[in-house]
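Hello,

Here is the structure I promised to send over. Have a look at it, then read my notes below.

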Amino acid sequence: MADDDSLNGVHEEVPEIELIIKASTIDGRRKGACLFCQEYFMDLYLLAELKTIRLKVTTVDMQKPPPDFRTNFEATPPPILVDNGLAVLENEKIERHIMKNVPGGHNLFVQDKEVATLIENLYSKLKLMLLKKDDTKVSALMSHLRKIDEHLARKGTRFLTGDTMCCFDCELMPRLQHIRVAGKYFMDFEIPIEFNSLWRYMYHMYQLDAFTQSCPADQDIINHYKLQQNVKMKKHEELETPTFTTSIPVNVDIN
């Protein structure tokens, strides 16, 4: 298991939270392309920045999990949250634990049914597009992205519910990154430049350590879907230097 102490130097009395995430399916050490792992990494990173916790992130190579991982967690795949010796398994329980038991966590979990409905099923539309590869599925994804763009344009705020990040942003942005990277690679799909509010939102997210520190490499996102399609990576692809797509089209108005 590879350790990555993200934020140190915090007062000793601040509790340490460990988040165990899936490692890269390419090198087995760096961050993998698990959406839920990144989502909770972002949640906890924001709390670590506020110094309500110390965050320790550990990557586990699920193709060759170490003996201590198998002993402690059997076949449970990450993400796994460990708080004062208590291991929290399953995504819903991790969310609930962050919200109810992690200091400051309740501030991340705002109630907004409109936003919850808005971002629901976005990821399933990407998966369907990659699976079916037809115009109908492309249009369905495009339509969903347009709704998010329109919401952001109406709100006029940096993030989904206001000018402060919340759990919905930690859920949406990793999915947008998968859409951007995998959509381009497999389908030559691109988010239209005219979705200016969506691009502005992504620009603001790209400025945040909570996103950049948790974001997997483009190669890991691509390999995530190659594995689902039973396509093996070529040797030269495995040796590529990791890249991270965080640029914004030049003619997007970010103000």
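Contact here means heavy atoms within 4.5 Å. Please keep in mind that this is a predicted model.

Leu35 first. Leu35 sits in helix α1, which covers residues 35-49. Is Leu35 buried or exposed? Its relative accessibility is 7%, so Leu35 counts as buried; the cut-off for buried is under 20%. Setting aside residues up to four places away in sequence, Leu35 touches Tyr123, Pro174, Arg175 and His178. Asn107 lies 72 residues from Leu35 along the chain, and their C-alpha atoms are 21 Å apart.

Next, the nonpolar cores. The largest one has 69 residues. Leu44, Ile98, Leu145, Leu176, Leu198, Tyr201 and Met202 have the most contacts inside it. A second, separate core has 6 residues, including Ile20, Val60, Phe69 and Ile80.

Arg180 belongs to helix α7, residues 167-187. What is the nearest side chain of opposite charge to Arg180? That is Glu190, 7.4 Å away. Arg180 is buried, yet has no salt bridge. A salt bridge needs the side-chain nitrogen within 4 Å of a carboxyl oxygen. Leaving out residues up to four places away in sequence, Arg180 touches Phe189, Trp199, Met202, Tyr206, Thr245, Thr246, Ser247 and Ile248.

Best wishes

How values were computed:
Residues numbered from 1 in each chain as written. Predicted model: local features only at pLDDT ≥ 70, side-chain atom pairs only at ≥ 80, totals over all residues. Heavy atoms only, no water. Helix = DSSP H or I, 4+ residues; strand = E, 2+ residues; numbered from the N terminus. Buried < 20%, exposed > 50% of the residue type's maximum accessible area, 1.4 Å probe, protein only. Core = buried A, V, L, I, M, F, W, Y, C linked by side-chain atoms within 4.5 Å. Lys, Arg positive; Asp, Glu negative; His and termini not counted.
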